[in-house]
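Hello,

Here is the structure I promised to pass on. Please open it alongside this note, and my findings follow below.

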Amino acid sequence: MESKNTQLKLHQRIELEIDGVGASGEGVGHLCGRAVFVPRALPGELVAARVVHLGSRKAVAEPQKILRPSSDRIVPVCSAFGRCGGCQLMHADYPAQIGLKRAILQDALRTIAKLEPVSVPVAPAPGPLGYRNRGQYPVARKKGKVVTGFYASRSHDVVAVSECHIHDPRVDRAVACVRAWAGHKRVPVYDERRHRGFLRHVVVRVAEGTGEVLVVLVGRGEQSLPVGDLVRRLQKKLPGIVGVLLNINPARTNVILGGSNRVLWGRGWVEESFLSLKLKLSVGSFFQVNTAQAKVLFGKVRRFIGRPAGAVVDAYCGVGVLASLLSKAGHETVGIDSFAPAVKDAEIIAADNRVQTAVFHCGRTEKLLPRLVSHGIKPKAVILDPPRKGCAPEVVDAAAESGAEKIAYISCHPGTLSRDLKRFFDLGYRLETIEGVDMFPQTFHLEVFAGLVRT
Ligand SMILES: C[S@@+](CC[C@H](N)C(=O)[O-])C[C@H]1O[C@@H](n2cnc3c(N)ncnc32)[C@H](O)[C@@H]1O
């Protein structure tokens with residue numbers, strides 16, 4: 001075992017006190033002048049671990065044995081925990097997970113946004129399991145059997161898992177039907193190494209409010225399929241099934257969905273009933289994966305924006321749920337999204353819900369927001385809900401330049417949120433509220449709502 005004065009070496013076995021949490025939910029301890037990151041270790045634990053990566057200031061060690069477990073440690077409900085990589089915190093009980101996520105967020109706010117230490121409330125999810133309304137699984141053939149699961153880390157090998165505890169159970173039920181059907185009907189399965197075969201992924205979308213289910217087979221090309229048998233199997237297990245779709249992805253890529261879809265049976269979308277809206281959701285369009293917590297999050301944004309008085313820009317709007325909700329409440333809204341099918345869905349949703357004061361633009365926020373501002377739009381508020389990489393500087397600058405009284409920033413990455421908050425502070429905004437909403441229990445991810453006001 002390692003003493004304080006010696007150098008840390010690759011593959012070395014160490015004993016480590018865990019005294020903090022890393023940005024990806026790992027336990028962190030300190031040894032020989034380095035921060036050592038240990039996945040699946042909790043603050044307060046003493047662990048035996050083996051160094052698997054060595055940098056000049058950081059190291060990563062794989063845990064071998066928990067020598068002194070934390071009282072927050074529980075037995076993970078999933079047998080694939082630790083191999084799958086999808087859930088990083090399943091070894092901690094749910095209240096402890098919330099504490100870890102709060103610590104990750106507060107650390108980013110302190111070190112990157114340079115905020116005084118703040119205690120951020122985090123709204124826990126009502127259901128820490130079974131919450132994901134959408135699942136996507138790679139398909140492979142192993143020893144003659146069709147399997148679905150996840151890719152082993154840094155490989156193209158599919159590890160068979162038939163149950164994922166964070167998905168709505170209907171997702172697994174649908175995938176089980178596809179597996180049984182593909183095996184029985186000898187549907188050719190995609191071989192990633194040779195780029196041969198057909199069935200690559202199964203994607204399932206569940207509308208929690210209506211119970212509708214859509215199943216998408218992602219194939220390498222066109223293929224004649226015994227669809228009737230699949231539909232019968234699905235109808236038996238899933239009364240809410242409304243459509244089976246073929247998505248064609250001929251590319252040698254790890255991007256799951258290809259560009260074209262063909263309806264094999266039923267229709268190519270699910271209808272969701274969400275707050276006061278009816279939503280038509282197609283396969284590729286973004287919709288928050290945790291429906292219950294999306295309601296909590298959007299409620300916070302709506303309360304922050306307040307009464308109608310001037311336009312609201314909903315940048316990175318997806319299918320425009322917030323824009324349509326705000327329009328229904330009397331606001332004039334302008335949605336922006338770069339994904340054309342999402343913008344099309346947003347327009348359909350607005351029309352279906354008789355929303356008359358929302359317009360949607362397809363394009364990059366980096367280009368469209370500065371253009372709207374230079375054309376004289378003076379919004380009361382700007383909503384920003386970017387992907388994990390956050391907003392480009394020109395987006396933050398344009399939002400500030402618009403003179404908006406309020407900025408509602410929704411983020412799924414504390415680090416990029418903190419960076420962008422700092423920029424807003426420098427441009428004359430202050431933080432009025434910041435709250436976490438746990439959309440992704442069992443993982444280290446946290447959705448955060450930050451409300452900024454012009455000083
Ligand atoms: C986190 S989602 C937010 C969706 C929406 N606000 C919601 O809550 O349903 C991010 C969205 O940003 C879009 N997007 C990604 N990069 C973009 C960009 N540079 N400009 C505009 N939209 C972008 C994606 O298509 C996606 O719909």
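A crossing of two helices is called left-handed if the near helix is turned anticlockwise from the far one by less than a right angle, and right-handed if clockwise. Helices (H or I, at least four residues) and strands (E, at least two) are DSSP runs, numbered from the N terminus.

This is a predicted model: local features need pLDDT of at least 70, side-chain atom pairs count only at pLDDT 80 or more, and totals for chains, interfaces and linings use all residues. Residues are numbered from 1 along each chain as its sequence is written. The pLDDT (the predictor's confidence in each residue, from 0 to 100) averages 95 over the protein chain, and 99% of the residues score at least 70. Over residues 1-5 the value is below 50.

Now to the helix pairs. Helix 7 (residues 365-374) passes helix 8 (residues 393-401) in a left-handed crossing. Their axes (lines fitted to C-alpha atoms, for helices over the stretch in contact, with angles from 0 to 180 degrees between N-to-C directions) are 9 Å apart, at an angle of about 20°. The two helices are therefore roughly parallel (angles under 35 degrees; over 145 is roughly antiparallel, 65 to 115 roughly perpendicular and the rest oblique).

Helix 4 (residues 291-305) and helix 5 cross at roughly 45°, and their axes come within 11 Å. That makes helix 4 oblique to helix 5. The crossing of helix 4 with helix 5 is right-handed. Phe298, Val301, Arg302 and Ile305 in helix 4 meet Val321, Leu322, Leu325 and Leu326 in helix 5; by class, seven are nonpolar, none is polar and one is charged.

Finally, what surrounds the ligand? There are 18 residues around it, and the closest are Phe286, Tyr316, Gly318, Phe339 and Asp385 (a residue is near if its C-beta atom, placed from the backbone, lies within 6 Å). Helix 5 (321-328), strand 18 (332-337) and helix 7 each supply at least two residues of this shell. The shell divides into 10 nonpolar, four polar and four charged residues.

Best wishes

Notes
Nonpolar A, V, L, I, M, F, W, Y, C, P; charged D, E, K, R; others polar. Contact = placed C-beta atoms within 7 Å.
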